[in-house]
Amino acid sequence: MASDAQSSPSDTAADTTDAATSDAPETPTETPSVITADVVVIGGGPVGENVAQYAIEGTDLTAVLIEGELLGGECSYYACMPSKALLRPLSVADAASHLEGISTPEVDRDALLARRDIWVSHYDDTGQVRWAEGAGMQVVRGHGRLVGEREVRVEGPDGGERTLVRATRAVVIATGSQAVIPEPLRAVQPWTSRDATGVQDVPDELLIVGGGVVAVEAATWMAALGSQVTLLVRGAGLLTGFEPFAGEHVLEALRDLGVTVQLDTSVLSGQRTDARDAGLGRIHGGRVSLQLQDAQGDREIGGDEVLVATGRTPRLSDVGLDALGLSADDVIEAEHPATGGSAGADSAGDSSESTALPSWLHAVGDASGDAPLTHWGKYRARVIGQAIRAGATDGRLEPVPEIVPVPQVVFSDPQVTSVGLTEKAARDAGHDVVTAQVPFGGAAGSSLLRDDVTGTAQLVVDRKTGTLVGATFVGPEASELIHAATIAIVGQVPVHVLRHAVPSYPTSSELWLRLLEELPQELRAG
């Protein structure tokens, strides 16, 4: 059976089960087929795939994956993979423009979009189904809804055929999340992240509402494709969950790219003629007009399209929780790690041991209300999957570390990557911390990446224990530096020991030595 590291082509996804289905009672003539399996997973993205895989691997247990859309999930087709397929060539081109001795490549719009189409398998999940079935999972198409204890009714994609799937051991909700569209903007049929990654019609003028990860990444590739992009940000800066310097670097870079960024700007409402869903990545009607409010008062702005990137919410409204007397809040309260997931570190244990949910019911990934990151959802799926397997086979429950931080990368230019706690979050959590900060180009290896490297690197260290609690790197290819920090936090390695992990010269890893040398001598000496 494939390991997680080698697993499915959908190695990057928050799951999706977006179909709205009728809850009408079955007619007397309907006799749904019945499938029985040990583990039933509602949602076939990588999170669902991982929990099923780890629940049954090396055993005779069986698993069913229920998916109403493309097997492989949101990020495989509409988020992580297509966005990075678009951003990577742009990053290479931008790097070339900052290096003497090489001519700058030009963006070929058609070729770039064709590359995107290849990476999303032209929205065809045949290969993914083949992988899942080869890994021992049965795939059932349709929208799954709980109808009783360990029972899930699946309505086929066409609303016709119904199947009753019974679990002998566990049911796992892995239905992912969905974009949040503020009520005043719903009538204009705005783009969501799906349309941005699946772009077919490049709008001349694109308005983006939001200042988070989706907003800054989409602004980057849409500007490169030829849109005049305006970013409308309610807050005073970008990427507010990160260290403040991260948002400042990205703000400067976006403005250099030609993106107009308007901070402290609220979107009150919007209008549009001929608003309609014209299909994925197509312009959804006539020109858009948005009513705004900022420090100067009320005003209006227009564009050919508007992308709403104001967050996501767990997709739990149509999974049948009411049949068990449960609500979405019950699921999130039971499954969300106690220490706050994206805020820092997680106990990482089997959080499904909660009185709020039946012992056979679990939620994982975005659906649990946890950090909406594919890699984190897959990690939690592995933990919960092996716990289900251990419980079913009287096997050994695999231990987990006391602290497991959540890493994240923003594929902006410069890249932003962080793990664990920011300085403020650490202080708010009661840590007595000391920080070390250096310019990203402060080492020979990192300064060679571009002739004019910009960015910042920072460590947050607990003064009492001498261990890392957080790290942030902002700069070219910064994403390749964060895993060392993740290992240091998980292993609780003191900084006086980290000083003996010798970085190769000249590589960006030398930044670690620079950062550790900036710490107080007593911490470095142990």
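This is a predicted model: local features need pLDDT of at least 70, side-chain atom pairs count only at pLDDT 80 or more; totals for chains, interfaces and linings use all residues.
Where is the place of arginine 450?

1. Arginine 450 sits in a loop, the one between α12 (444–447) and β22 (456–462). Its relative accessibility is 9%. Buried means under 20% relative accessible area, so arginine 450 counts as buried.

2. Which side chain makes a polar contact with the side chain of arginine 450? The partner is aspartate 413, and the distance is 3.2 Å.

3. Threonine 486 belongs to helix α13, which covers residues 482–490. With a relative accessible area of 11%, threonine 486 is buried. When residues up to four places away in sequence are not counted, threonine 486 touches Pro405, Pro407 and Val419. As for position, 38 residues along the chain lie between threonine 486 and leucine 448 as their separation in sequence, and their C-alpha atoms are 25 Å apart.

4. Serine 193 is in helix α6, residues 193–197. Is serine 193 buried or exposed? The relative accessible area is 14%, and serine 193 is therefore buried. Neighbours within four places in sequence aside, the contacts of serine 193 are Tyr78, Val214, Leu307 and Arg312.

5. Two packed helices are described by the angle between their axes and the distance between the axes. For helix α1 (residues 46–56) and helix α10 (residues 374–393), the angle is about 25° and the axes are 7 Å apart. Angles under 35 degrees count as roughly parallel, and α1 and α10 are therefore roughly parallel to each other. The crossing in which α1 passes α10 is right-handed.

6. Which residues make the contact between α1 and α10? From α1 come Pro46, Val47, Asn50, Val51, Tyr54 and Ala55. From α10 come Thr374, Gly377, Lys378, Ala381, Arg382, Ile384, Gly385, Gln386, Ile388 and Arg389. By class, the residues of this contact divide into eight nonpolar, five polar and three charged.

Notes
Residues are numbered from 1 along each chain as its sequence is written. Side-chain values use heavy atoms; hydrogens and water are left out. Axes are lines fitted to C-alpha atoms, for helices over the stretch in contact, and angles run from 0 to 180 degrees between N-to-C directions. Helices (H or I, at least four residues) and strands (E, at least two) are DSSP runs, numbered from the N terminus. Angles under 35 degrees count as roughly parallel, over 145 as roughly antiparallel, 65 to 115 as roughly perpendicular and the rest as oblique. A crossing is left-handed if the near helix is turned anticlockwise from the far one by less than a right angle, and right-handed if clockwise. Contact means heavy atoms within 4.5 Å. Ala, Val, Leu, Ile, Met, Phe, Trp, Tyr, Cys and Pro count as nonpolar, Asp, Glu, Lys and Arg as charged, and the others, Gly among them, as polar. Buried means under 20% relative accessible area, exposed over 50%, partly exposed in between (1.4 Å probe, protein chains only). A polar contact is a pair of N or O atoms within 3.5 Å; within protein, one must be able to donate a hydrogen and the other to accept it, and residues adjacent in sequence count only if both atoms are side-chain atoms.
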